Amino acid sequence: MAIPVDPNLTPRARALFDALHAHTGEFAMFGHQGDTFARHTADADSDTFAVTGAYPAVWGIDLGRIELGWDENIDHMPFDDIRRESRRAYEMGAIVTFSWHSVNPITEGGYGENLAPGSVAAVLPGGSHHDQYIGWLDRLADFLLSVRDANGEPIPVVFRPFHEHTGDWFWWCSGSPAQPTDTTPEQFASLWRMTVEYLRDARGVHHVLYAYSPDRSRIDMTDDATLEAGYLRGYPGDEYVDVLGLDDYWDIDRPLSGPEAADPHERHDKLVRILTLIGRLGEERGRLAAVTEVGSPREFAAAYGDDPNTPWTTFLLSAAKANRYTRRALWYLPWSNFAGAEDTGAYGTPTVDSPYAEDFRRFVRDDFMRMADTLPNMYA
């Protein structure tokens with residue numbers, strides 16, 4: 001029997017936890033970051049809906065700047081609107097997941113200016129900024145506790161703090177063995193545990209599942225041992241993680257020519273390998289698995305198959321369905337359709353005039369995939 005991080009989950013949060021475990025291997029859900037906040041279409045409040053006629057099964061929203069007491073998040077979404085859209089997603093049966101791009105605790109530098117020596121050490125107990133960080137967690141807890149349904153009950157959420165910690169671009173990053181930061185894996189694990197314990201035990205936040213999500217680009221895939229060790233670098237322990245996640249842009253959107261050119265067949269094989277890893281670890285450890293961020297399949301992924309307009313189905317869907325372990329990954333969440341996103345590897349969903357729109361429709365309507373309108377009841 002799977003055991004959640006929080007043994008005192010609210011009834012609806014426990015129902016979600018149990019449903020996710022029960023449906024593992026049966027289907028995967030399509031998710032999207034900021035789906036109704038960032039869009040290109042003028043005919044709908046969601047590019048995903050405009051193309052497919054349905055909303056995502058998983059709604060991603062960021063909480064960056066909640067720590068500073070702002071009225072809006074890092075993407076200029078008012079927190080009142082985030083509460084509203086979280087309720088909307090929940091009422092249609094979808095799942096809400098929150099990420100947290102917090103500022104640097106020492107410099108308050110944001111995205112792109114998020115680094116400073118000793119940042120994690122500073123917020124751990126005894127550190128110079130520990131009390132400040134506890135204040136951040138109080139603001140975070142206040143917000144999490146305010147996300148409620150029409151009956152005043154807390155809406156279950158998947159919380160994904162400290163994502164991509166195997167990189168070197170956020171203040172919490174411990175890096176990889178090849179490119180370490182001044183934060184040790186042990187310090188990262190301590191930060192994670194401290195955060196969970198404060199929210200759960202000190203503040204009584206009991207409607208949250210916790211997702212761990214290293215960045216794929218810094219994981220050494222030389223052999224199975226380096227792959228597993230790289231994924232688990234800084235892992236805080238099964239008792240502090242509900243979801244074994246993965247952020248992977250590296251394998252989906254690479255150049256086809258030039259000095260950094262990659263082979264899409266090789267990348268597809270590596271995507272299958274790392275999906276197999278998180279699925280296997282999930283099965284062995286009684287944890288859930290998910291692709292918590294994923295690049296948008298476009299030209300690079302299209303080169304994997306015979307039809308240049310089918311990257312979603314030939315590249316991503318085939319990897320998701322490759323074997324019994326890959327099929328354990330419960331959702332795939334591209335980033336938001338922000339302005340200018342079409343020219344980046346982080347671009348989320350195709351728009352109605354995209355050459356990949358029809359393939360995207362086939363992807364989300366495949367028998368293995370679920371949107372909000374095809375999900376079973378995840379809260380019963």
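User: In which loop is His76 placed?

Analyst: His76 is in the loop between β2 and α3; helices (H or I, at least four residues) and strands (E, at least two) are DSSP runs, numbered from the N terminus. Keep in mind that this is a predicted model, where local features need pLDDT of at least 70, side-chain atom pairs count only at pLDDT 80 or more, and totals for chains, interfaces and linings use all residues. Residues are numbered from 1 along each chain as its sequence is written, and side-chain values use heavy atoms, with hydrogens and water left out.

User: What makes His76 count as exposed?

Analyst: The scale for relative accessible area calls a residue buried under 20%, exposed over 50% and partly exposed in between (1.4 Å probe, protein chains only). His76 has 55% relative accessibility, so it passes the mark for exposed. Its backbone is worth a look too: phi is positive, about 65°, although His76 is not a glycine.

User: Is Arg65 buried or exposed, and how do you know?

Analyst: Buried: the relative accessibility of Arg65 is 10%, so it falls under the cut-off. Arg65 is also found in the loop between β2 and α3 (79–91). Without being a glycine, Arg65 has a positive phi of about 95°.

User: What makes you say that β1 is largely enclosed?

Analyst: Six of its six residues are buried, so the rest of the structure largely encloses β1. Ala28, Phe30 and His32 point one way from this strand, and Met29, Gly31 and Gln33 the other way.

User: Which other strands pair with β1, and over how many bridges?

Analyst: β10 (residues 369–370) pairs with β1 in the parallel sense over two bridges, with Arg370 as the partner of Met29.

User: Why is the unit made by β1, α2 and β2 called right-handed?

Analyst: The name describes a crossover that runs clockwise from the first strand over the helix to the second, with the strands pointing away from the viewer. β1, helix α2 (residues 47–52) and β2 make a β-α-β unit of this hand.

User: What makes β9 an enclosed strand?

Analyst: Six of the six residues of β9 (residues 329–334) are buried, so the rest of the structure largely encloses this strand. β9 also pairs with β8 (residues 288–294) in the parallel sense, over three bridges, and Pro334 is the bridge partner of Val294.

User: Which residues touch the most other members of the largest nonpolar core?

Analyst: Met29, Phe98, Trp100, Tyr133 and Leu191 do, in a core of 117 residues. Helix α5 (residues 130–146) gives the most to this core, with nine residues. Such a core is a set of buried Ala, Val, Leu, Ile, Met, Phe, Trp, Tyr and Cys residues joined through side-chain atoms within 4.5 Å.

User: Why is the aromatic pair of Phe170 and Trp172 called stacked?

Analyst: Rings of Phe, Tyr and Trp (its six-membered ring) pair if their centres lie within 6.5 Å; planes under 30 degrees apart count as stacked, over 60 as edge-to-face and the rest as tilted. Phe170 and Trp172 are 4.6 Å apart centre to centre, with 25° between the planes, so the pair is stacked. Phe170 is buried at 4% relative accessibility, and Trp172 at 0%.

User: And what makes the pair of Tyr212 and Tyr231 edge-to-face?

Analyst: Here the centres are 5.5 Å apart and the planes 80°, so the edge-to-face class applies. Tyr212 lies in strand β5 (residues 208–212) and Tyr231 in helix α7 (residues 224–231), so the pair ties together parts 19 residues apart in sequence. Both Tyr212 and Tyr231 are buried.

User: How do you know that Arg254 lies over the face of Trp250?

Analyst: A charge sits over a ring if NZ of Lys or CZ of Arg is within 6 Å of the ring centre and within 35 degrees of the ring normal. Arg254 lies over the face of Trp250, at 3.6 Å from the ring centre. Likewise, the charged end of Arg327 sits over the ring of Phe368, 4.4 Å from its centre.

Conventions: Pairing = 2+ DSSP bridges.
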